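Subject: Handover of a structure

Dear colleague,

Please find below the structure that I am handing over to you.

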Amino acid sequence: MPSKQKIVYVCNECGAESPKWLGRCPQCGEWNTMQEETVSVDKSSAVSRMAQAALLHDVRAVPLTSVEVKDTRRSSTANGELDRVLGGGIVPGALILIGGEPGIGKSTLVLQMALTLPSRVLYVSGEESVGQIKVRADRLCPGGGDNCMVVSDTMIDRLAQHIDDTHPEIVVVDSIQTVQTERIDSLPGSISQIKECTAVLMHLAKSRNLPIILIGHINKDGQLAGPKVLEHMVDVVLQFEGDRNHLYRILRGIKNRFGSTNEIGIFEMMGCGLREVVNPSEMLLSAYAGGLSGISVAAAIEGLRPFLIETQALVSTAAYGTPQRSAMGFDVRRLNMLLAVLEKRAGFKIASKDVFLNLAGGIKVQDTALDLPIAAAIISSGTDIAIQQGVCLAGEVGLSGELRPVSRVEQRISEAAKLGFRRIIIPEQSRFAVSDKLTIQIERAAQLSDAFRLLFA
Ligand code: TYD
Ligand code: MG
């Protein structure tokens with residue numbers, strides 16, 4: 001029942017509103033992001049209703065010690081990796097957003113969870129028909145799904161009815177970009193629809209103490225499509241990432257009001273759904289027999305998990321005037337920084353060379369301890385000298401070519417030892433205490449050049 005309508009221009013990057021069209025968003029500074037939207041200035045919108053309800057509430061400050069904690073027991077999702085990222089399971093009343101590029105496997109992940117969970121799940125899909133969901137479910141978990149209720153619906157206003165009909169313990173909404181509410185005139189996926197629908201979901205989750213998992217798509221820049229307010233409104237934001245042409249997927253915690261965001265979950269996409277990867281090192285070390293130049297092994301940590309990952313570099317003479325630099329799974333700006341350090345501080349002439357870098361498994365690693373192994377792979381490729389097998393490295397490289405200490409060295413060392421590595425090269429200043437029983441030889445280097453001497457001498 002929209003009463004009055006007006007036209008506003010909304011930035012599709014940050015959600016800023018303006019009464020006039022502008023070429024550049026005054027809030028986030030992005031160009032060509034302002035879109036026309038019709039919004040109703042109706043007081044019955046969920047956002048304003050929530051604000052009204054809050055005003056009527058008797059709100060008073062109380063001593064923290066007298067606050068009673070509501071039930072925050074977590075329920076398991078029957079998926080070890082998902083539980084790990086959520087901080088142990090789902091908290092009642094939590095609104096959880098899972099973001100990721102189209103086709104990365106978000107629907108597969110949540111449907112698989114819905115099918116294996118003993119508690120009742122309501123799966124609301126605005127993207128697929130119930131028939132399509134059934135076909136997928138049969139592939140993921142043949143014969144399962146007794147507790148999974150499905151409905152194909154895009155009207156968020158009917159969700160409360162669906163919940164009353166089915167009494168679920170968890171609700172899944174796939175996806176926020178396809179659902180809409182009648183109260184707003186703009187199309188599904190527009191900023192005002194996303195804002196309003198999220199407010200409705202938030203209200204449902206909190207008022208019924210019912211966890212809701214929301215799926216969201218990511219735009220080409222890797223940002224969640226829709227305004228930043230979406231991320232602010234929900235309790236938990238998880239990002240599902242990976243290279244669609246590779247098998248491995250990482251689920252990363254971006255925000256968590258109920259736990260830390262340090263953990264990551266690793267999955268492998270199989271013909272019958274996603275498999276939890278409990279031991280990531282084994283998949284990230286390809287079975288190369290040694291003797292090839294340009295390959296090094298990094299003792300990395302992502303989240304709280306140590307794993308060994310193979311890094312590959314290829315240095316070749318530039319075919320064109322401007323050398324190319326490309327990096328898969330690693331920040332290309334950081335690669336450029338490493339190349340400049342190698343050129344200036346270690347004396348390697350690579351300014352006129354093409355440099356290509358690749359991390360195994362198609363995953364993105366943010367750990368700065370990859371600097372040293374990557375620099376070593378580049379030098380190994382440039383000089384065509386292979387790094388010995390059974391050697392791994394960890395170290396951050398500073399601008400003057402010094403090696404800076406990295407976090408959790410003990411864990412890196414014991415992971416390398418566990419996988420049968422003979423030597424690990426770490427920064428001189430790293431402080432740690434490891435048991436003497438380790439079979440791995442620990443070598444320290446203060447500068448890049450020291451590390452290269454240990455590797456290539
Ligand atoms: P999907 O969950 O539909 O992605 P999203 O919801 O993030 O858009 O997953 C899509 C891809 O996953 C699809 O391209 C095929 C692949 N896939 C498998 O490889 N194995 C499977 O068992 C399933 C269900 C999907
Ligand atoms: Mg999907």
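The notes below cover the conventions, the ligand site and the aromatic pairs.

This is a predicted model, in which local features need pLDDT of at least 70 and side-chain atom pairs count only at pLDDT 80 or more, while totals for chains, interfaces and linings use all residues. Residues are numbered from 1 along each chain as its sequence is written, chains are lettered from A and ligands numbered from 1 in the order in which they are written, and side-chain values use heavy atoms, with hydrogens and water left out.

The ligand site

Ligand 1 is surrounded by 16 residues, where a residue counts if one of its heavy atoms lies within 4 Å of the ligand. The closest are Gly-103, Ser-107, Thr-108, Met-270 and Gly-273. By class, this shell has six nonpolar, six polar and four charged residues; Ala, Val, Leu, Ile, Met, Phe, Trp, Tyr, Cys and Pro count as nonpolar, Asp, Glu, Lys and Arg as charged, and the others, Gly among them, as polar. At least two residues of the shell come from each of α3 (106–116), α4 (130–140) and β11 (264–270); helices (H or I, at least four residues) and strands (E, at least two) are DSSP runs, numbered from the N terminus.

Oxygen atoms of ligand 1 lie 2.6 Å from a polar side-chain atom of Ser-107 and 3.0 Å from a polar side-chain atom of Arg-136. For Ile-104, a backbone N or O atom lies 3.4 Å from an oxygen atom of the ligand. On its own, ligand 1 has 560 Å² of accessible area, of which the protein covers 75% (Shrake-Rupley method, 1.4 Å probe).

The aromatic pairs

The structure holds three aromatic pairs, meaning rings of Phe, Tyr and Trp (its six-membered ring) whose centres lie within 6.5 Å; planes under 30 degrees apart count as stacked, over 60 as edge-to-face and the rest as tilted. Phe-240 and Phe-267 form an edge-to-face pair, 5.8 Å centre to centre with 80 degrees between the planes. The pair links strand β9 (residues 236–242) to strand β11, with the two residues 27 apart in the chain. Phe-267 is buried at a relative accessible area of 0% (buried is under 20%, exposed over 50%, partly exposed in between; 1.4 Å probe, protein chains only).

Phe-348 and Phe-452 are also edge-to-face, at 5.9 Å and 85 degrees. Phe-348, Phe-452 and Phe-456 form one aromatic cluster.

With kind regards

Terms used. A polar contact is a pair of N or O atoms within 3.5 Å; within protein, one must be able to donate a hydrogen and the other to accept it, and residues adjacent in sequence count only if both atoms are side-chain atoms.
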